[in-house]
Amino acid sequence: MCLLSSCCFSHVEENDSIATCLVALTALSSRRADTWYLDSGCSRHMTGDKNWFSSFYDEAISGSVTFGDGKKAKVVGKGIVTAPGIPNLKNVLYVEGLQANLISVSQLSDDFEEVRFNKLRCLVLDGKGKSVMGGLRSKDHCYCVNANDSASSQICLSSSSTEDTLNLWHRRLCHVNYQDLVKLSTKEGVRGLPKLSGKPTGMCEGCKLGKQTRSSHRVINSMSTSHPLDLMHMDLVGPVQTKSLGGKKYLLVLVDDFSRFTWVKFLSEKSDAFDNFQNLCKMISNEQYSSNKCIVRLRTDHGTEFENASFDEFCNDMGIKHEFSAPITPQQNGVVERKNRVLIEMGRVMLNSAGLAHTFWAEAISNACYTINRVIFRPGTEKTPYEILKGKKPNVSHLRVFRSPCYIYRDREYLAKFDAKSDKGFFLGYSLNSRAYRVYNKRTCSVMETINVFIDDSIVLSHTPCISFDQVLFDKEKNDEVIVEGQEDEEASVGIDDTSAIQPVYRTGQQQVHKDHSSSDIIGDLNDGLKTRRQARRAVSNLSILSCFIAKHQEDISIITFYGFVSVIEPKNAKEALCDVNWINAMQDELSQFARNDVWYLVPRPNSSNVIGTKWIFKNKSDEKGQITRNKARLVAQGYSQVEGLDFDETFAPVARLESVRLLFAIACHLRFTLYQMDVKSAFLNGVLQEEVYVEQPAGFIDPIHPDHVYRLKKALYGLKQAPRAWYERLSSHLLDKDYVRGSIDKTLFVKRTSHHLILAQVYVDDIVFGSTSDSLIEEFTNIMKNEFEMSLCGKLNYFLGLQVQQRSDGLYISQTKYANDLVKKFGLDAATAVRNPMGTSSKLDVDLTGISVDQTLYRSMIGSLLYLTASRPDISFSVGVCARYQANPKESHLKAVKRIIRYVSGTSNYGVVYTFDSNVEFAGYTDSDWAGNVDDRRSTSGGCFFVGNNLVSWHSKKQNCVSLPTAEAEYIAAGSCCTQMLWMKQILNDYGFPQGKLSIFCDNTSAINISKNPVQHSRTKHIDIRYHFIRDLVDANILELEFIPTENQLANLFTKPLDNLRFESLRKSIGVCPTA
């Protein structure tokens, strides 16, 4: 291919011409003979192939073209070139020996209106804005036109031109709407505007930044749940400006999605929300126990009264899935939001129509909630919420008008002969704990509950206009998605189970009692005799008592039932274990495993050999919920008594690093295959020993015939120094015999390739993670392992090395949610207020010699726990690393900083690292450094993070070993520390079968980049330790390069310095740390 850098053509005489063509020649196999190249250095079109000319005239033209190597070619003639992809090119020179077809940009500009270039293509436009000719930009950065391209290709380029013109005029006219712009062009409303049509395929960034609005929310007319309590909506209203009679300021509303039944509670403070919800939840569960229903899901907003450790723990214990609406999006919890409005408006209507003070707002809302549960049809049905939830139609004959005058019988005090027997008052509502009315006594100025009251609402009907509920409620509830049942009283209310009328009995002439009653209104058995209250209490059956107990303690009973098969207490020694049959069984299982694997055999005690003692280790195994699943007894050797050279030689055994595991996750996402795990049961018992090793007989299982004998080991035993190495050699030799290839760098990686598929296996002692692009290879590997070893676990990967792994349809998610929650609870900060970032920008930790010392053991325990959490939480790596520097003599200021980190973890315990399928295997790193960030020794902190495609696989944050004078030196040292990690992971990717080219490290300091390229020692670099100049050799060898990146895009900032909330959350999201779905 011929790539031209410049070409000149000058006219000397009438028929004489001289052209100069400077050419850079590059031989590429992809050159096409029908390709024409656009060159801005050519003064005329020219070609060396005469077949292109549609009309050619051989004039007496003299001239030549001079090439870049000094050679010249003669200009023979000129003519017109016409081809399917090229318009009429006039005055095209025919040059002998020219290997490429050239189009002069300057000559195109003379013949046509406009020649336009961008990073993808070039276009030639006529005076009407129509595309005449178009070409694409090649891989060699040349703009070329394929003369024999089909008409569809030109139409595509023309369409691109039309879209570019439309976007251009869209920006010229101040980002006017595209439809208005096309209409203006079509109607010819202005002059100078070309013909425009269509609409852009992409989006205008400026319009999105300036015009974007909230997303719309569609109305849901169908029922999204199938039974009551499947989904509950909850919200908190308040604070109300006026306190209620009971001193309440907040309203807690709970709505059942299926029935739309509503409960309400009145609170003094927001912090009371959890206690009231807990009571409501237990009450509802007990009410629905007979129908075997319980709350399944709960949806709230992100208010701190709902999103806290207490709520999470309670929901986890009750098996309730706690869902949240999107931040600042109340529409997603619209059912309870509309219910709030309905309750407030009904309460406002009743207060204003009755002329009562605002302090009665709680009574009005309680009355409103009681009523709408019984009189409003659930949208989409012909049943009220009460009927759907309770299974029977409500009785509304006892309902009265709010604030109706009433006469309250004085049955709670001693009356004289001529004292009035009633007090005046007015009606407020209905008791939720008994069949009684709530009334306000004007004489005593108090709210009371009584059945002995006469309410005269006829006065209200004759003087007060009726306010239609349709205006208040039906319009709001018509398209509801979910409703929560609301019950309340002034202090806090619990729903009434019965809808029997609370109607007081009045004298109506001689008839005082109904002669006949409905059987549904009769309580008890008609055949029973008269019973006193004491006898009635004794009549409660034992079965009912047992049912109530089971309903209240259902979860505890299930745990107790499970515990019947295992022992809850871990014995401290073999003597205690031998007193428990469960632990005896566990010890026998361990010894049976020894027999199956042929681990040892009994021999007389040798006189000149070292005999190693044995010890029983007892441990309860738990599941992810913390429930004990089995008792595990392990017999281990007391390896500390081994003698080097006698009992063991080599002890080293490779173990997979967490970076290797995360790299496997990234490769699995790229190849889109499922990961599996398996656990080799008693793995060390499979390792064959090369040394002669003797151990004592285990306590409690001494041979009665040969009590003084000892066991000689054939296989390794847990606790032996060489046990891990023996197991690794056994496993690796087995896999190598099966045609697996061991990694050249990571010796715990085993790979097997076929013609079209690949299987990967990562080993961590006795835990193995594997995956493949072929199901047959998965089955083959499983059979290979099961035929050779005894496996105790084999299935999809969900928990590995303390990491909770979720394999989803769009990728993979790792977290340590359970560990984070346990950590927060362990240090007593589960009730503390969460913070948005782990370290404030104003905090500068130092040695603090004058500070008060704190418990070193507690401080180191906190640091150790947090360091383990950084395996899946890179967002706390920097802050934990800073606090870890002061473990020798921690002060109160240091303890306060660590507690802040734990408070941050408390609020983000469900966060982890996301690995997405939408990725590739290009490896890149980010490096950054602060400058003299350590207050004590003025050393800087290096930070870095490494990505395979879009997936984060490794990160670090570490204080540098020396003091850096300029910032460039600190950045240069930080970049050097990233090189070894980059090279190590590059080699692992080669083992996976994904070789890498030149590696890229992104740095935001141009001086550091220049130092890596400049081998000359000068005043800024001569004092830098020689080991940091390792990066120069890599740059010179073209193995890697430092590339500049703006500071705002530098992801490694997260690992070098404390950041403000917005910047911290932005970088946290950018590296892939987010909450679980």
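Predicted model: local features only at pLDDT ≥ 70, side-chain atom pairs only at ≥ 80, totals over all residues.
Reader: How do you know that the length of helix α7 is close to what is expected?

Author: Helix α7 covers residues 334-354, which makes 21 residues. The expected span is 1.5 Å times one less than the number of residues, and for α7 that gives 30 Å. From its first C-alpha to its last, α7 reaches 30 Å, so the span is close to the expected one.

Reader: What makes β5 and β7 a pair of strands?

Author: Two strands pair if there are at least two bridges between them. Strand β5 (residues 53-57) and strand β7 (residues 72-83) share 4 bridges, so they count as paired, in the antiparallel sense. Within this pair, Phe53 has Val81 of β7 as its bridge partner.

Reader: Which other strands pair with β7, and over how many bridges?

Author: Strand β6 (residues 64-66) is joined to β7 by 3 bridges and runs antiparallel to it; here Thr66 stands opposite Lys72. Strand β8 (residues 86-95) pairs with β7 over 6 bridges, also in the antiparallel sense, and Lys78 has Leu93 in β8 as its bridge partner.

Reader: Why do β16 and β18 stand at the edges of their sheet?

Author: The sheet is open and has 5 strands in the order β16-β15-β14-β17-β18, with mixed pairing. β16 (262-267) and β18 (321-324) each have a single partner strand, so one side of each is left without a neighbour in the sheet. From one strand to the next, the twist averages 20°.

Reader: How do you know that β14 and β17 are paired within this sheet?

Author: The cut-off is at least two bridges, and β14 (residues 231-237) is joined to β17 (residues 297-300) by 3 bridges, so the two strands pair; they run parallel. Leu231 stands opposite Arg297 in β17. Helix α5 (residues 273-287) packs on the sheet, touching β14, β15 (250-256), β16 and β17, and its direction makes about 150° with that of β16. Helix α8 (residues 361-375) lies across β15 and β16, at about 170° to β16.

Reader: What makes α17 oblique to α24?

Author: Helix α17 (residues 658-671) and helix α24 (residues 967-992) pack at an angle of about 50°, with their axes 11 Å apart. Roughly parallel requires an angle under 35 degrees, and roughly perpendicular begins at 65. The angle of about 50° lies between these limits, so α17 is oblique to α24. The crossing is right-handed. On the α17 side the contact is made by Glu659, Ser660, Leu663, Leu664 and Ile667, and on the α24 side by Gln981, Trp984, Met985, Ile988, Leu989 and Tyr992. By class, the contact has 8 nonpolar, 2 polar and 1 charged residues.

Terms used. Residues numbered from 1 in each chain as written. Heavy atoms only, no water. Axes fitted to C-alpha atoms, helices over the stretch in contact; angles between N-to-C directions. Contact = heavy atoms within 4.5 Å. Parallel < 35°, antiparallel > 145°, perpendicular 65-115°, else oblique. Left-handed = near helix turned anticlockwise from the far one by under 90°. Nonpolar A, V, L, I, M, F, W, Y, C, P; charged D, E, K, R; others polar.
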